Amino acid sequence: MDHTISARDIRKICGLGDYASRPILSDPALKPIKRSGPKGGNGLRFYRLADLLRILRRCDFFTQAMQDALCALDIQRRNGTHA
Amino acid sequence: MPSNFTDGRVTIDNFTSTERSRFDAIKNAFLVQQAALYGDRVAEIMTQPLLEDLARDARVFHHLVTGDCTEVDPEDRETMQRITKEVVEANKFAVRSIEFSDEARRRQLADEYLNSLKPTQRIAFERDGTLEDKTASYVAERLDARFV
């Protein structure tokens with residue numbers, strides 16, 4: 001399960017609104033996968049850290065602290081230590 | 001297996017200098033473990049694609065970006081061996097290359113055995129119906145002899 005980071009995490013960590021995050025998240029290089037919860041419904045899109053960092057590093061607002069936070073979230077989700 | 005063949009290359013090209021030096025350490029460990037596990041069975045043309053897959057591996061990428069050694073440590077032989085095995089086995093072309101090398105070697109050993117027999121012996125074995133079994137046992141015996 002390499003796709004660990006959702007759009008909501010990116011907005012929260014980078015302090016972006018829905019409108020500001022849209023051009024970043026609609027980048028075709030991201031290739032997200034959609035994962036639904038136990039009740040189905042319209043699932044969340046999850047992104048890989050490797051794809052995401054390559055896009056985010058081009059943005060002016062992106063800082064080292066944001067990168068560290070995304071990396072920490074990624075390792076937690078992959079090892080199942082994060083809700 | 002990346003869906004897009006340029007993905008790994010793009011990832012490698014986007015590394016910072018620190019990440020690049022970490023990747024060099026990982027790369028050396030990967031190549032050493034690959035040689036230890038598979039010898040010359042993985043074709044040389046697969047080296048670069050496998051390194052691209054390695055850079056795309058989530059655990060390796062995490063180490064490259066953060067320098068955190070909890071999941072991947074280039075100094076740790078066992079971890080690197082496990083990761084090398086997973087990366088090589090996840091790439092279907094590398095697996096095919098290994099199978100092909102094995103098959104080529106098998107054919108070469110079978111020829112070697114058949115040529116070592118005298119024609120009369122060969123005909124005798126063929127009449128007994130034991131020629132195939134004898135060839136197969138010779139090949140099985142010799143196949144891994146060079147790795148011991």
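**Close-up views of a two-chain predicted model**

**View 1. The hairpin of chain A.** In chain A, strand 2 is connected to strand 3 by a hairpin of two residues. The structure is a predicted model, in which local features need pLDDT of at least 70, side-chain atom pairs count only at pLDDT 80 or more, and totals for chains, interfaces and linings use all residues. Residues are numbered from 1 along each chain as its sequence is written, while chains are lettered from A and ligands numbered from 1 in the order in which they are written. Helices (H or I, at least four residues) and strands (E, at least two) are DSSP runs, numbered from the N terminus. Strand 2 and strand 3 of chain A are antiparallel partners, with four bridges between them; two strands pair if DSSP finds at least two bridges between them. Within this pairing, Ile33(A) faces Phe46(A) of strand 3 of chain A.

**View 2. The sheet of chain A.** Three strands of chain A form an open sheet in the order 1-3-2, with antiparallel pairing. Strand 1 (3-6) and strand 2 (33-37) of chain A are its edge strands, each pairing on one side only. From one strand to the next, the twist averages 60°; axes are lines fitted to C-alpha atoms, for helices over the stretch in contact, and angles run from 0 to 180 degrees between N-to-C directions. Strands of a sheet pair through backbone hydrogen bonds, either parallel or antiparallel.

**View 3. Strand 1 beside strand 3, with a helix packed on the sheet.** Three bridges link strand 1 of chain A to strand 3 (residues 40-48) of chain A in the antiparallel sense. Ile5(A) has Tyr47(A) of strand 3 of chain A as its bridge partner. Helix 3 of chain A packs on the sheet and touches strand 1 and strand 3 of chain A, its direction making about 70° with that of strand 3 of chain A. Ser6(A) is placed opposite Phe46(A) in strand 3 of chain A.

View 4. Lys31(A) belongs to the loop between helix 2 (18-25) and strand 2 of chain A. Although Lys31(A) is not a glycine, its phi is positive, at about 45°. Most residues other than glycine have a negative phi, and most peptide bonds are trans. A residue is buried if 20 or more other C-beta atoms lie within 10 Å of its own, exposed if 12 or fewer, and partly exposed in between, with C-beta atoms placed from the backbone. Lys31(A) is partly exposed because it has 14 C-beta neighbours inside 10 Å. Asp18(A), located in helix 2 of chain A, is exposed because 9 other C-beta atoms lie within 10 Å.

**View 5. The meeting of chain A and chain B.** Contacts join 10 residues of chain A to nine residues of chain B; two residues are in contact if their C-beta atoms, placed from the backbone, lie within 7 Å. On the side of chain A that touches chain B, helix 3 and helix 4 (64-78) of chain A each give two or more residues. This side of chain A has five nonpolar, no polar and five charged residues. Here Ala, Val, Leu, Ile, Met, Phe, Trp, Tyr, Cys and Pro count as nonpolar, Asp, Glu, Lys and Arg as charged, and the others, Gly among them, as polar.

**View 6. The largest nonpolar core.** This core has 29 residues, and those with the most contacts inside it are Leu49(A), Leu52(A), Leu54(B), Val60(B) and Phe61(B). A nonpolar core is a set of buried Ala, Val, Leu, Ile, Met, Phe, Trp, Tyr and Cys residues joined through C-beta atoms within 7 Å. Beyond its neighbours within four places in sequence, Leu49(A) is in contact with residues including Ile5(A), Leu70(A), Ala58(B) and Phe61(B).

View 7. Chain B contains eight helices and zero strands. Its C-alpha trace spans about 70 × 30 × 20 Å along the principal axes, and buried residues account for 24% of its 148 residues. Thr66(B) lies in helix 4 of chain B and is partly exposed because 17 other C-beta atoms lie within 10 Å. A separation of 14 Å is found between the C-alpha atoms of Thr66(B) and Ile26(B), which are 40 residues apart along the chain.
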